[in-house]
Amino acid sequence: MSREKRHWLMKSEPSVFSIEDLRRSPQQSAGWDGVRNYQARNFMKSMAVGDEVLYYHSNADPSGIAGLAEVVKTAYPDPTQFDSKNGHYDAKATKGKPIWFQVDVRFVKAFPELLSLEDLRGLPALKNMALFKYSRLSIQPVTKAERDIILKTAG
DNA sequence: GCCAACGTTGGC
DNA sequence: GCCAACGTTGGC
């Protein structure tokens, strides 16, 4: 009972956690913690193991898609919401009623060269990408067609 | 570092 | 339920 693999774009500031940080992590995987936006959280909750993730470096020089990852664990409570010493602490969350969730992702590959935001804007087939319309949304779905163009262009 | 866009909070 | 104030994201 498996569904078609879905494609997502997930943003991370490379100065905080880059695709190379993910590559160097144990089992080359890590929990995607710190998401504090309901729409982004809901997208994470709909992810399945095996879904593909376009790893986007935001607030970078330049920003753009750095490579690929995959979902290896479906959504579970983000532990940082319970930790009062953590910057992502949320006093309204309890273990019984968690508010924020994360998935685990594993490194798949880094592109030979980053596909910059400028590159992406230059591809007519991508003109309707959520990335441009909802530019502040840190997790968003990507269509199969968009994903195929991106992988082909990235080489 | 600036600031536009936009999500969240809280007073009323 | 409105909306002003405030906080965050993220490109530049």
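The stops below cover ring pairs first, then charges over rings.

Before clicking: this is a predicted model, where local features need pLDDT of at least 70, side-chain atom pairs count only at pLDDT 80 or more, and totals for chains, interfaces and linings use all residues. Residues are numbered from 1 along each chain as its sequence is written, chains are lettered from A and ligands numbered from 1 in the order written, and side-chain values use heavy atoms, leaving out hydrogens and water.

Rings of Phe, Tyr and Trp (its six-membered ring) pair if their centres lie within 6.5 Å; planes under 30 degrees apart are stacked, over 60 edge-to-face, the rest tilted. That rule gives three aromatic pairs.

Select Trp-8 and Phe-43. Their ring centres are 5.8 Å apart with planes at 55°, so call this pair tilted. Trp-8 belongs to strand E1 (residues 7-12) and Phe-43 to helix H3 (residues 38-45), 35 residues apart; helices (H or I, at least four residues) and strands (E, at least two) are DSSP runs, numbered from the N terminus. Trp-8 is buried at 3% relative accessibility (buried means under 20% relative accessible area, with a 1.4 Å probe and protein chains only).

Next, pick Trp-32 and Tyr-55. Here the centres are 5.3 Å apart and the planes at 70°, so the pair is edge-to-face. Trp-32 is in the loop between strand E2 (29-31) and H3, while Tyr-55 is in strand E3 (residues 52-57), so parts 23 residues apart in sequence are tied together. Trp-32 is buried at 8%, and Tyr-55 is buried at 0%.

Now show Lys-45 with Phe-101: the lysine lies over the ring face, 4.3 Å from the ring centre. (The cut-offs: NZ of Lys or CZ of Arg within 6 Å of the ring centre and within 35 degrees of the ring normal.) Finish at Lys-95, whose charged end sits over the ring of Phe-82, 5.4 Å from its centre.

Technical notes: Buried means under 20% relative accessible area, exposed over 50%, partly exposed in between (1.4 Å probe, protein chains only).
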